[in-house]
Amino acid sequence: MKKRVDLLNGNILSSLIKLALPITATSLIQVAYNMTDMIWIGRVGSGAVTAIGTAGMYMWIAQGVAIIPKIGGQVRVAQEIGSNNISYAKKITNTVLQITIFLALIYSLFLYFGNHSLIAFYNLSNPETIMRAENYLKIICFGLIFTFFNFVMTGLLTATGDSKSPFIANTMGLAINIILDPLLIFGIGFLPALNVSGAAIATIVAQLSVSLYFVRHIVEDNYLFNEIKLTQKIIFNEIKSILKVGFPSAIQTIGFAFISMIISRYVATFGDEAIAVQRVGSQIESVSWMTADGFSASINTFIAQNYGAKNIKRAKKGYLTAFVLISIWGVFTTLLLFFGSSHIFKIFIVEPELLPMGTEYLKILGLSQLFMCYEIVTSGAFAGFGKTSIPSTVSLVLTSARIPGTIILANLLGNITGVWWAISISTLLKGLLLIIFFKIFIGSIEKKYA
């Protein structure tokens, strides 16, 4: 079965959909990963949800760190493939994997030895919740090397036009996670109930299984990975290129996570239950942005390959095609979250007193889903050209504005809905601005290659 999609020739819509569907499905699988944990943990109680929610913020930062080799590697490899320079693409791939392992080990040590101080940042009031959050961090750090590796391998394979292999690998991991979650969280037979720690162990085992699949792929591959030697010398000149593309995206993600942590700390002033609502609400909302992220990854590779081949006209048409497709999805998720808010939220938290707060969260955030999709896909288009600094700057500036916006609107409205409105408004503005900036940018690129 042919796994790699030809992005340089043929019908654009067909090529983009063939590449995007497995990536989007993979993104939805990641959402299912998180939701599986949340549904089962929600049965333990809102305190357990808060524990995973607070610890999960540092996993978000981990993703930001991993974005450096992931985005940098994906764009650089795709551009070299588009230029028909496969030999050099292989050398870049080797360097990318070396960087990935190094960053994973450093961040794992950071989480393990700093877990107490990291959780203390939130000023949680329940000692049991604090203990569970710290334990989750200490356990999950042992599997971070697998998480980093899987994340980057997904990007590298996508760069070649192969989005099916990551889909197969992550589907397998999800199946394992679904089976292990209830067994390890609640216990059965000789297995004790591990609660939050059980969710962490289930995730590690699932991620390990995905890594083993990718290792097998590397061994059998004869296109990009057949010359991988992790002990060979790093191409230091290429590190600069990888950082140039990947670092702005990493700063964007890490900055977004830090800002969200600050806002979460403010949310905690409304009670630990408010943190649980925010955590669950963001997981539900992730169905929208993770799908958009799948389209973003596909348009990233599509544009990178065609840009490498100097086919600017086809690259632009690819973006416009993705824009139409994501518009349909954005409208659908807006309607779903707004009109189905109460029915969706009570699937995850059974405590009825939290339902009104959760319903408000989904309705308010639902209004900005379309523009969030525009932001993510347009950021992917910028990245394909190697210009990640523009969307990163827009995102950081407007996301930072959420902090004063949160305080002002919460005080003005007199309740926590001000926080939700600050997030939703900033998301809408980011989407609009990036569309405008990309239109200006693509115009300048067309003139350059005219």
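**Notebook: helices and loops**

I started with Ile23, which is buried because its relative accessible area is 8%. My cut-offs for that word: buried means under 20% relative accessible area, exposed means over 50%, and partly exposed is in between, with a 1.4 Å probe and protein chains only. Ile23 sits in helix H1, residues 12-44. A helix here is a DSSP run of H or I with at least four residues, a strand is a run of E with at least two, and both are numbered from the N terminus. I also looked up how far Ile23 is from Pro127: they are 104 residues apart in sequence and 40 Å apart in space, C-alpha to C-alpha.

**Ground rules**

I'm working with a predicted model, so I noted that local features need pLDDT of at least 70, side-chain atom pairs count only at pLDDT 80 or more, and totals for chains, interfaces and linings use all residues. Residues are numbered from 1 along each chain as its sequence is written, and side-chain values use heavy atoms, with hydrogens and water left out.

**Arg76 and Helix H2**

Is Arg76 buried or exposed? Arg76 is buried, as its relative accessible area is 11%. I found Arg76 in helix H2. Along the chain Arg76 is 165 residues from Ser241, yet their C-alpha atoms are separated by 7.7 Å.

Next I checked how H2 lies against H9. Their axes come within 12 Å and cross at roughly 5 degrees. Axes are lines fitted to C-alpha atoms, for helices over the stretch in contact, and the angles run from 0 to 180 degrees between N-to-C directions. So H2 and H9 are roughly parallel to each other. The labels go like this: under 35 degrees is roughly parallel, over 145 roughly antiparallel, 65 to 115 roughly perpendicular, and the rest oblique. The residues of the H2 and H9 contact split into 12 nonpolar, 11 polar and 3 charged.

How do H6 and H7 cross? The axes of H6 (residues 164-186) and H7 (residues 196-220) come within 8 Å and cross at roughly 155 degrees. That is why I wrote them down as roughly antiparallel. Their contact residues divide into 16 nonpolar, 8 polar and 1 charged. H6 passes H7 in a right-handed crossing. A crossing is right-handed if the near helix is turned clockwise from the far one by less than a right angle, and left-handed if anticlockwise.

Then I looked at H10 and H13 (residues 369-384), whose axes come within 7 Å and cross at roughly 155 degrees. H10 is therefore roughly antiparallel to H13. H10 passes H13 in a right-handed crossing.

**A bend in H8**

Where does H8 bend? I found a bend of about 40 degrees at Gly246, and the proline Pro248 follows within four residues. The bend is the angle between axes fitted to the seven residues ending there and the seven starting there. H8 covers residues 236-267, which is 32 residues, and reaches 43 Å from its first C-alpha to its last, close to the 46 Å expected at 1.5 Å a residue. The expected span is 1.5 Å times one less than the number of residues.

**Loops and positive phi**

Asn84 lies in the loop between H2 (46-82) and H3 (86-120), and counts as exposed because its relative accessibility is 64%.

Lys310 isn't a glycine either, but has a positive phi of about 65 degrees. I placed Lys310 in the loop between H9 (272-308) and H10 (312-339).

Phe121 is in the loop between H3 and H4 (127-140). At a relative accessible area of 27%, Phe121 is partly exposed. Its C-alpha atom is separated by 16 Å from that of Ala276, 155 residues apart along the chain.

**Last look: Glu273**

Glu273 is in helix H9 and is partly exposed, with 39% relative accessibility. Glu273 and Ala169 are 104 residues apart in sequence and 35 Å apart in space, C-alpha to C-alpha.

Methods. Ala, Val, Leu, Ile, Met, Phe, Trp, Tyr, Cys and Pro count as nonpolar, Asp, Glu, Lys and Arg as charged, and the others, Gly among them, as polar.
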